[in-house]
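Hi,

Here is the structure I promised to pass on. Have a look at it first, and my notes on what turned up follow below.

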There are 2 protein chains.
Amino acid sequence: MLHTYETNGAAIYAESFATIRREADLARFSKDEESVVVRMIHAAGMVGLEEHVRFSEGMAETARAALANGAPILCDAYMVSEGITRPRLPADNEVICTLRDPKVPELAKEMSNTRSAAALELWRPKLEGAVVAIGNAPTALFHLLNMLKYPSCPRPAAIIGCPVGFVGAMESKEALMEDLPVPSMIVKGRLGGSAITVAAVNALASWKE
Amino acid sequence: MLHTYETNGAAIYAESFATIRREADLARFSKDEESVVVRMIHAAGMVGLEEHVRFSEGMAETARAALANGAPILCDAYMVSEGITRPRLPADNEVICTLRDPKVPELAKEMSNTRSAAALELWRPKLEGAVVAIGNAPTALFHLLNMLKYPSCPRPAAIIGCPVGFVGAMESKEALMEDLPVPSMIVKGRLGGSAITVAAVNALASWKE
């Protein structure tokens with residue numbers, strides 16, 4: 001016998017988001033933040049994620065406005081850039097990942113750093129006013145913070161800082177919220193990753209659920 | 001002052017995997033399975049994930065052998081296909097995602113199903129002996145199970161079934177383990193997603209840590 005299941009995409013989304021809003025503790029978030037957190041929980045399949053999410057004051061509004069005004073989206077990994085839903089973008093925003101640029105391996109060697117970190121050097125011409133989405137490498141987030149220590153470095157509009165893992169992820173996200181070079185959000189601790197990061201971008205790009 | 005942090009990719013991997021092996025309960029897994037579970041925990045940043053992972057008997061060995069013999073890898077989402085590390089693939093294996101094929105929207109309408117499910121109809125010429133990696137859509141996994149109800153449908157070598165979310169994810173993965181049309185693995189319940197799925201493929205493709 002064939003399996004029967006919900007096949008209507010819109011109904012699946014509506015039921016998923018209703019379940020999340022019923023189960024998750026979202027009271028401390030603003031309306032702008034809440035729709036982001038709901039989508040992140042959806043991508044992770046994990047009610048409880050909300051406890052680990054932190055926004056700096058006004059970050060969600062700032063990032064939404066930047067995207068509406070056409071800000072490019074700079075991603076540390078192709079899993080992030082590939083996941084962003086193009087039809088949700090409000091201004092046909094450019095989505096950029098420089099990780100496979102042929103200059104990156106040599107740059108990484110010169111910098112004695114990972115390719116993920118080295119790839120950010122190629123962001124400079126696009127960095128001013130951009131929305132940054134780091135969903136994989138703690139070294140990328142640390143390197144971005146070090147780049148932004150220099151006043152001559154262009155400033156992004158906002159940073160989504162969600163690198164994942166066991167070495168440097170927690171520390172790099174704490175450093176982001178302490179330095180706070182621009183409005184930022186994080187998932188505290190080890191949790192993070194490309195799916196959660198993509199969900200944040202997709203939510204900030206459009207109110208459509 | 002600039003941040004200092006571990007910038008050596010190999011050292012980051014080694015320390016991450018050592019932490020996971022220290023903290024996670026991996027005793028019930030075979031050697032072939034353990035390296036897969038460790039990598040999945042790494043991708044999710046989540047010790048405890050191991051409790052939810054299930055392999056059918058011999059799945060990990062079967063999937064490794066299929067990949068070594070050049071099996072194509074069929075993915076339900078671009079976040080999955082983009083995340084697979086090409087240099088880890090043992091036989092320059094083809095990595096396929098059919099979601100953006102121009103035939104998919106019309107097929108989905110005809111089938112009254114999601115585009116994720118409809119895209120699998122285009123897998124048929126590559127399905128025999130393939131390794132399937134479903135990391136996003138429950139509808140894709142359900143539709144695959146329904147395709148495999150017909151004896152005329154080509155058989156993949158193994159299925160990684162890790163769709164994520166609140167509607168159909170749990171149910172589709174339970175259905176996979178009950179039907180068990182071919183050797184399979186799942187993450188039980190709501191958890192899953194592209195990062196975890198990619199980690200499983202990358203681990204099955206190579207023993208390199």
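**Salt bridges and strands**

Let me start with a lysine: A:Lys149 is partly exposed, as its relative accessible area is 33%. Before going further, keep in mind that this is a predicted model.

The partner of that lysine is A:Asp179, and the two form a salt bridge whose closest N and O atoms are 3.3 Å apart. A:Lys149 sits in the loop between H8 and S5 of chain A, while A:Asp179 belongs to helix H9 (residues 169-179) of chain A, so the bridge ties together parts that are 30 residues apart in sequence. A:Asp179 is partly exposed too, at a relative accessible area of 29%.

Over all chains, the search of the whole structure turned up 18 salt bridges. One of them pairs A:Glu82 with B:Arg100, with 3.2 Å between the closest N and O atoms. This pair joins two chains, because A:Glu82 lies in helix H4 (residues 78-83) of chain A and B:Arg100 in the loop between strand S3 (95-97) and helix H5 (104-111) of chain B.

Within chain B, have a look at B:Glu34 and B:Arg21, whose side chains meet in a salt bridge at 2.8 Å, N to O. Here distant parts of the chain are linked: B:Glu34 is in helix H2 (residues 31-44) of chain B and B:Arg21 in helix H1 (residues 9-23) of chain B, 13 residues apart. With a relative accessible area of 17%, B:Glu34 falls under the 20% cut-off and so counts as buried. B:Arg21, at 34% relative accessibility, is partly exposed. Over in chain A, A:Arg21, A:Glu34 and A:Glu209 are joined into one network by salt bridges that share partners.

**Strand S4 of chain A**

Which way do the side chains of this strand point? In S4 (residues 131-134) of chain A, A:Val131 and A:Ala133 point one way and A:Val132 and A:Ile134 the other, and all are buried. S4(A) pairs with strand S2 (residues 73-75) of chain A in the parallel sense, over 3 bridges, with A:Leu74 and A:Val132 as bridge partners. S4(A) also runs parallel to strand S5 (residues 158-161) of chain A, joined by 4 bridges. A:Val132 turns up again there, as the bridge partner of A:Ile159 in S5(A).

In chain B, 6 strands form an open sheet with mixed pairing, in the order S1-S6-S5-S4-S2-S3. Strand S1 (53-55) and S3 of chain B are at the edges with a single partner strand each, so one side of each has no neighbour in the sheet. On average, neighbouring strands of this sheet are turned by 15° against each other, direction ignored. S1(B) runs antiparallel to strand S6 (residues 184-187) of chain B, with 3 bridges joining them; B:Val53 has B:Val187 as its bridge partner in S6(B).

Two helices lie across strands of this chain. Helix H8 (residues 138-147) of chain B lies across strand S4 (131-134) and strand S5 (158-161) of chain B, at about 145° to S4(B). Helix H10 (residues 194-205) of chain B lies across strand S2 (73-75), S4, S5 and S6 of chain B, at about 145° to S5(B).

**From the record**

UniProt, in an unreviewed entry, lists residues 12-206 of chain A as "domain: Cobalamin biosynthesis precorrin-8X methylmutase CobH/CbiC". In the model, that span is 47% helix and 11% strand, and its end C-alpha atoms lie 18 Å apart.

Cheers

Methods:
Residues are numbered from 1 along each chain as its sequence is written. Chains are lettered from A and ligands numbered from 1 in the order in which they are written. This is a predicted model: local features need pLDDT of at least 70, side-chain atom pairs count only at pLDDT 80 or more; totals for chains, interfaces and linings use all residues. Side-chain values use heavy atoms; hydrogens and water are left out. UniProt positions are given in the numbering used here, feature names are shortened, and annotations may be inferred rather than shown by experiment. Buried means under 20% relative accessible area, exposed over 50%, partly exposed in between (1.4 Å probe, protein chains only). Two strands pair if DSSP finds at least two bridges between them. A salt bridge is a side-chain nitrogen of Lys or Arg within 4 Å of a carboxyl oxygen of Asp or Glu. Axes are lines fitted to C-alpha atoms, for helices over the stretch in contact, and angles run from 0 to 180 degrees between N-to-C directions. Contact means heavy atoms within 4.5 Å.
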